2 protein chains.
Amino acid sequence: MKKHCLLAAVAVALTFPAAAQDAEPEGPPSPGQIVAGAPASEWVSITAEDLLVMTLAPDAEGNARQVVIQLMPAPFSQGWVSNIRTFARAEWYDNISVNRVQDNYVVQWGDPNYDNPEATGETKVLPEGLKVMEEEEYTSSLFEWQDRNAERDAERQSRKATEAVLQPVETEPYPAWHSRDAYAPRVDFYSGWPAATSGYSWNQVWWPVHCYGMIGVGRNYSPDTGSGAELYTVIGHAPRHLDRNIALVGRIIEGMEHLSSLPRGKGELGFYREDEFDKRTPILSVRVASDLPAENRPAFEYLSTEGETFAKYADARANRRDPFFIAPAGGADICNIPVPVRRVSASE
Amino acid sequence: MKKHCLLAAVAVALTFPAAAQDAEPEGPPSPGQIVAGAPASEWVSITAEDLLVMTLAPDAEGNARQVVIQLMPAPFSQGWVSNIRTFARAEWYDNISVNRVQDNYVVQWGDPNYDNPEATGETKVLPEGLKVMEEEEYTSSLFEWQDRNAERDAERQSRKATEAVLQPVETEPYPAWHSRDAYAPRVDFYSGWPAATSGYSWNQVWWPVHCYGMIGVGRNYSPDTGSGAELYTVIGHAPRHLDRNIALVGRIIEGMEHLSSLPRGKGELGFYREDEFDKRTPILSVRVASDLPAENRPAFEYLSTEGETFAKYADARANRRDPFFIAPAGGADICNIPVPVRRVSASE
């Protein structure tokens, strides 16, 4: 009896999605259980135009490795996202590779012959029609959010009054986690993405944040903003100091383990050294899902971050009341509230 | 010229330790450069009694894999730390294995025959003399800190006044990052460890926090607190909701990549499924460094978290002013200010 539980140990402290806990005592639902109960109406379909399918070379045992990326919708990072579709449609990303794996930081991929005196091939010529973005575009003015958030604030206040009754008395009445972020006056979710804001002044701006699995655009020193030729994803603790300093363009929604478990590079900053270039993982192709034949087109949904279930899920992440926990925190880091995403059968 | 820089792109946003940036424009020092300038007097030697050497089976290419763990000093987790030395000295950890690798969460190791109906061997009998801890011990009352922190607060206030002049005018005057944590009223460092506190009331308590690379003790449902037979380390975004719910006992200070890059388990919660038991990494031995012959005994130092250099380093992590950055955040998550640790030649 105890046997089963010990292995389940850290276990019950789940990341989404939750698995059934057969030996679990009765108690309030876990975040995963809350998500599992979401009505179909709260799941939002991701358009195929926002999905990229990145195919890596098979692993050492010959297993296929596919990574699916969700691109960000407007107005975030729009110019860069448009460039990424341009690169993908020009098949420019085909036969590039993962050149850098830095522990607790990033996995980065691009043209291995770029800036490489030992290059065995030609540096790739960039495709036509790339946009050039200004640094101001790392943030967005979103007046729409102002009204929406005023509404949600009111709703949250009324919810908090109810929750106070559920809270164990020894829990201090922390301010809401939304305003307890080290990097921004306030953090929140918008249309399925984690974001931060400068606050609710008339000139407020918003920006997406560097959580685990988010994808950003490598760049040169300022004022360069990067084209999208060089991309990275976060494989460690959220490097939020990069927020508003680099463009974020999307996130990995399937196959993250194919990147996060790659061998770390021994060179500076995790780049593979010359004596380990064989560790570079070839990227065979990157395709926009809408360009794929219907039968190969993956389909995904995310849980609306504006719905009731997400609010309950976020609250449960901030106040773990499921049986494993003895001391709910009273808050959660925005990057510790991953937006639930699920694969569904293609509808077409 | 641009060539070199593009690859250096994300680069300059370093995790510690910093590498020299040969193509970097002039500018204020990076966090890594600040640490590199620390006087010898600010580096603190870690006693060999607090170091564990964990030897994994060689990798597929035959390369040796060694992981060095620093155990926490009193009063944090003392009973569990004492148990871990007991397990190590009984050679109980020899020939156990890594049984769970859950992406963006934890790597967990223990007796693979524990709770395994397909076990090919006997479940190991626990050694004599293990301590049993109460849940109250997840936190510590540290009156000493109260005075020390009052002093540091005063010092920080005077430093902030100076820094206000350096800050770009458009940066909002955020409250200090110490009090902008989603999980606790305040976070800080103590004797080289990241910690959180309930605040400065007369009954204040402190506890260590779950940052990347920290090591915790797997446990059963409450009121079990775990013995130390089952350990895990964090390989993703800090799961701070586990703070005060599980005992933390130390952190990995060398060889983290041997754990973080292991293949993810396909079973529930990242446990290796029966059809992939061959992916379990054998742990050949775990030894307390002080028990090793002098010539095999590793030696490490950490940068005093009470010294001037650490204060400057933490400030630079919170306000990146080195050339790559255009928008300093004004704060940093405590887990994004990793305590600098370095290997040194053994002094004996």
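Contact here means heavy atoms within 4.5 Å. This is a predicted model: local features need pLDDT of at least 70, side-chain atom pairs count only at pLDDT 80 or more, and totals for chains, interfaces and linings use all residues. Side-chain values use heavy atoms, without hydrogens and water.

**View 1. Surroundings of B:Trp177.** Neighbours within four places in sequence are left aside.

**View 2. Nonpolar cores.** A nonpolar core is a set of buried Ala, Val, Leu, Ile, Met, Phe, Trp, Tyr and Cys residues joined through side-chain atoms within 4.5 Å. Buried means under 20% relative accessible area, exposed over 50%, partly exposed in between (1.4 Å probe, protein chains only). The largest core holds 79 residues. B:Tyr93, B:Trp109, B:Trp177 and B:Leu259 touch the most other members. A second, separate core has 78 residues, including A:Val98 and A:Cys335.

**View 3. Three-stranded open sheet in chain B.** Strands are DSSP runs (E, at least two residues), numbered from the N terminus. Two strands pair if DSSP finds at least two bridges between them. The order is E1-E13-E14, with antiparallel pairing. E1 (43-45) and E14 (341-344) are the edge strands, each pairing on one side only. The twist averages 35° from one strand to the next, with axes fitted to C-alpha atoms and angles running from 0 to 180 degrees between N-to-C directions.

**View 4. Pairing of E13 and E14 in chain B.** E13 (residues 299-303) and E14 are antiparallel over four bridges. B:Phe300 has B:Arg343 as its bridge partner in E14.

Methods. Residues numbered from 1 in each chain as written. Chains lettered and ligands numbered in written order.
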